[in-house]
Amino acid sequence: MRSIYVNQVGFFPESYKKAVLNFKASEFEVCNDKGESVFKGNIRHFGTDEISGEDTFVADFSKMIQTGKFYVCAEGYKSTTFEISENVYDKLMKDICKCFYYLRCGDALTKEFAGEYYHKPCHMEMATVYGEENVKVDVKGGWHDAGDYGRYSTAGAVALAHLLFGVRFFNNLLKVKFNIPEVEVNGNVLPDILSECKVELDFLMKMQRDDGAVWHKVTTFCHAPFVMPEDDKSELFIFPVSSLATADVAAVFALAYTVYKDYDKEYAQLLLTHSLKAYDWLKANPEELLFCNAEGSNTGEYGEAEDISNRFFAACALYEALDEKNYFEDAIIQKERLEEYDKKQKLKGYQGDIFTCLGWGDVAGLGALCLLLKDESNILTDKIKKHFEDEADRLCANAKKNGFGLCMEKDDFIWGSNMELLKYLMVLTVADRIEKNDAYKNTIESGIDYLLGCNSMDTSYVTGNGEKAFKNPHLRPTAVDNIELPWPGLVSGGPNVGLQDERAKEVPKDSAPMKCYLDHIDCYSLNEITIYWNSPLVFVMAGLMK
Ligand code: G3I
Ligand code: 9MR
Ligand code: ZN
């Protein structure tokens, strides 16, 4: 099919702007909403690449700075409409933040703020510590992880970290209002983003055992069927503690301590106490304690191969928060272990840079961000800066290999590929702060263009944002709530060559990576949503909108 792909939300007037065609044409026009031609340009042939498999042609209209609603046309074919304006991403930003509110578990939703997406209180009962049938713990609250109703400590901590780093790096995030209940502290109203983060922080405090260790997750034994959360009545189990969860939580509480101390000293102190307790446990338990699902249980595992990056994150976060040398020394020890581990990974052909990993699994990059925030010249921070710049350069080089200007490679199209992209855009955003670079900025913008529709699926991967935004996320409430559209602002996992669910088998054989996607509610490996796919987009948009 002949298509003209474009960012369906749109562009800032000063941004680099392009559309990508999958057919040959030599000239294009941009038309306004009255159908009048307002800009003309020549099309550049890019050629074929291994991620889209398409022969692509690029229509660059960066020179056009007029604001309004437009579409691109060539040879009688039209793109979807998009907007050019200074406020073009305001709605998107609100929507992607509000998603965390809709994902709240417990009794936190109200009809006033959730509207038609309100659900009754859910998962309110005490949870059973797995293997200790008589021990019940109150772990109400937090956010549902994703399309399922599990609550997972490492995933929650990482999503929080992206949001809190967003706040630390870019003040503008504190000003985003997304219509959630106000939280008042000492006569002042907390910024919305901090009220929302507090929901998950409060929950994670409940996930900490008295001795400081953190339980890995709380879920039913198996995934719930497609029912509303309040109808998911199976017994809730708290699964064993892990050093992964304990370290990530120690880290994110330290980060949160710094953020909240400007608003609520007492709450900040509480976070710090919990952080230190977790850290003490880690020091007393130097052996890694990884996580595997109990036999027969199929809820999210969030397994990791080592806990070094997590311990590194915790040490860096506490060093940044407290400026005490012992944490720096710990960070150096973990850094050396990480380098050893990285060498082994490289031998297996792994491409990326371990010190810039910002995912739910490898979290060394999150530790690195703490050091960058501290902004002190030392052997570790200087090295980290170099890692971010080198990785950003690698990504910019990747972006030259396809007509979309997309910084991803074939191997990045795994489960949650949109997060692979967003993590890269975070790295570029940070690198651009270390040293301004137009190539970094263009690559970030091209990445956002891809996410919002400039891709071979002609799909915006954010619900409610873009004329052809995906509509059928693998998300239990959406599947059963009888409301036509899901709430806006959800980020899809995106194309995945692994095609790891039954429905995904309907993707045509030998599809190019960018086309291994289906907007179908059954497709958890292609079209689920999660808190930590939304959170990096919040960070990146905060950087773009600054
Ligand atoms: O790390 C390897 C890499 O070395 C290899 O080259 C690549 C190629 O297959 O795979 C990489 O592993 C991937 C792993 O995530 C780490 O990124 C696996 O392929 C991939 O299948 C795995 O997917 C995870 C999925 O759970 C299955 O375990 C997703 O990242 C993760 O987001 C997802 O999380 C689920 C929760 O379990 C439950 N809740 C919903 C959530 C989202 O779907
Ligand atoms: O809905 C579940 C989704 O959130 C998970 O990412 C996915 C992998 O853990 O599992 C989904 O649940 C499926 C289960 O694993 C197998 N039976 C079908 C379920 C979804 O329809
Ligand atoms: Zn719930």
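Which residue in strand 5 stands opposite phenylalanine 28? Glycine 41 does.

This is a predicted model, in which local features need pLDDT of at least 70, side-chain atom pairs count only at pLDDT 80 or more, and totals for chains, interfaces and linings use all residues. Residues are numbered from 1 along each chain as its sequence is written, and side-chain values use heavy atoms, leaving out hydrogens and water.

**Strands.** Strand 4 (residues 27-32) runs antiparallel to strand 5 (residues 37-48), and five bridges join them. Strands are DSSP runs of E with at least two residues, numbered from the N terminus; two of them pair if DSSP finds at least two bridges between them. The hairpin of strands 4 and 5 has four residues between the strands, and glycine 35 in its turn has a positive phi of about 85°. Strand 5 is also joined by five bridges to strand 6 (residues 55-60), again antiparallel. Here arginine 44 stands opposite valine 58. Six residues lie between strands 5 and 6 in their hairpin, where glycine 53 in the turn has a positive phi of about 70°.

| Ligand 1 atom | Residue | Distance |
|---|---|---|
| nitrogen | aspartate 145 | 3.0 Å |
| oxygen | tryptophan 360 | 3.1 Å |
| oxygen | glutamate 528 | 2.8 Å |

On its own, ligand 1 has 780 Å² of accessible area, of which the protein covers 58%. Accessible areas come from the Shrake-Rupley method with a 1.4 Å probe. Ligand 1 is surrounded by 14 residues, each with a heavy atom within 4 Å of the ligand.

Key:
Chains lettered and ligands numbered in written order. Polar contact = N/O pair within 3.5 Å; in protein donor to acceptor, adjacent residues only side chain to side chain.
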